[in-house]
Amino acid sequence: MLKIENIKINNSDFPLGVNPLDNIYVSWKIESDKRQTFQKSYKIQISDNQDFSNIMQEINKESSESCNIEIETNSLKSVKKYFLRIQISDEDGEKSDWSTPSSFITGLTKAADWKVNFIGIEDDGDAAKSA
């Protein structure tokens, strides 16, 4: 059986504050009950929900690479949680099940995203009014 384990996004299990203007890097490990199995292709899906009913991005590629795969993320929104899953096939055409989804949260990228209320000391005029 072909299986995907230990998915890392930007070398982390659950990255926070990923800049959607930068690309992300995805890595995974392959497990198989067959000896000398190698990956022939992969499919990566990114969704804004855990059931993957709304696929934001999908990558299909014939490649044996499984380390630091670069994915463009400029179509993703800031301050949002996304889910990522992977499926691979081996040299015999056997497909893995979809991996357990991993997730990441994008960071603040636009000035409008930065909304704060400053904490400070009341000035003397305000203190006198409340007394």
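**Buried, exposed and paired residues**

Reader: Why does Ser99 count as buried?

Author: Ser99 has a relative accessibility of 6%. The cut-off for buried is under 20%, so Ser99 counts as buried. The value is computed from a predicted model.

Reader: Where is Ser99 found, and what does Ser99 touch?

Author: Ser99 is found in the loop between strand 7 and strand 8. Setting aside residues up to four places away in sequence, Ser99 touches Ile4, Ile7, Arg85 and Ile86. Ser99 and Glu5 are 94 residues apart along the chain, and their C-alpha atoms are separated by 7.3 Å.

Reader: What makes Ser66 count as buried?

Author: Its relative accessibility is 18%. Buried means under 20%, and therefore Ser66 counts as buried. Ser66 lies in the loop between strand 5 (55-62) and strand 6. Beyond its neighbours within four places in sequence, Ser66 is in contact with Val26, Ser27, Trp28 and Gln39.

Reader: How do you know whether Thr73 is buried or exposed?

Author: The relative accessible area of Thr73 is 0%. With buried set at under 20%, Thr73 is buried. Thr73 has its place in the loop between strand 6 and strand 7 (81-90). Contacts of Thr73, leaving out neighbours within four places in sequence, are with Asn19, Pro20, Asp22, Asn23 and Ile24.

Reader: Why is Leu108 called partly exposed?

Author: Leu108 has a relative accessible area of 36%. Buried is under 20%, exposed is over 50%, and partly exposed is in between, so Leu108 is partly exposed. Leu108 is found in the loop between strand 8 (102-106) and helix 1 (124-130).

Reader: Which residues form a nonpolar patch with Leu108 on the surface?

Author: Val79 and Trp114 form the patch with Leu108, and together the three have about 320 Å² of accessible area. Membership of a patch requires over 30% relative accessible area, and Leu108 has 36%.

Reader: How do you know that strand 1 and strand 3 pair?

Author: Six bridges join strand 1 to strand 3 (residues 24-32). Pairing needs at least two bridges, so the two strands pair, and they run antiparallel. Leu2 stands opposite Ser32 in strand 3.

Reader: What is the order of the open sheet, and which strands stand at the edges?

Author: The open sheet has three strands in the order 1-3-6, with antiparallel pairing. Strand 1 (2-9) and strand 6 (69-71) stand at the edges because each has a single partner strand, which leaves one side of each without a neighbour in the sheet. From one strand to the next, the twist averages 35 degrees.

Note on methods: Residues numbered from 1 in each chain as written. Predicted model: local features only at pLDDT ≥ 70, side-chain atom pairs only at ≥ 80, totals over all residues. Heavy atoms only, no water. Patch = residues over 30% accessible without salt bridge, like charges linked within 9 Å, V, L, I, M, F, W, Y side chains within 5 Å. Areas by Shrake-Rupley, 256 points an atom, 1.4 Å probe, with all protein chains shown as cover. Salt bridge = Lys/Arg side-chain N within 4 Å of Asp/Glu carboxyl O. Helix = DSSP H or I, 4+ residues; strand = E, 2+ residues; numbered from the N terminus. Buried < 20%, exposed > 50% of the residue type's maximum accessible area, 1.4 Å probe, protein only. Axes fitted to C-alpha atoms, helices over the stretch in contact; angles between N-to-C directions. Contact = heavy atoms within 4.5 Å.
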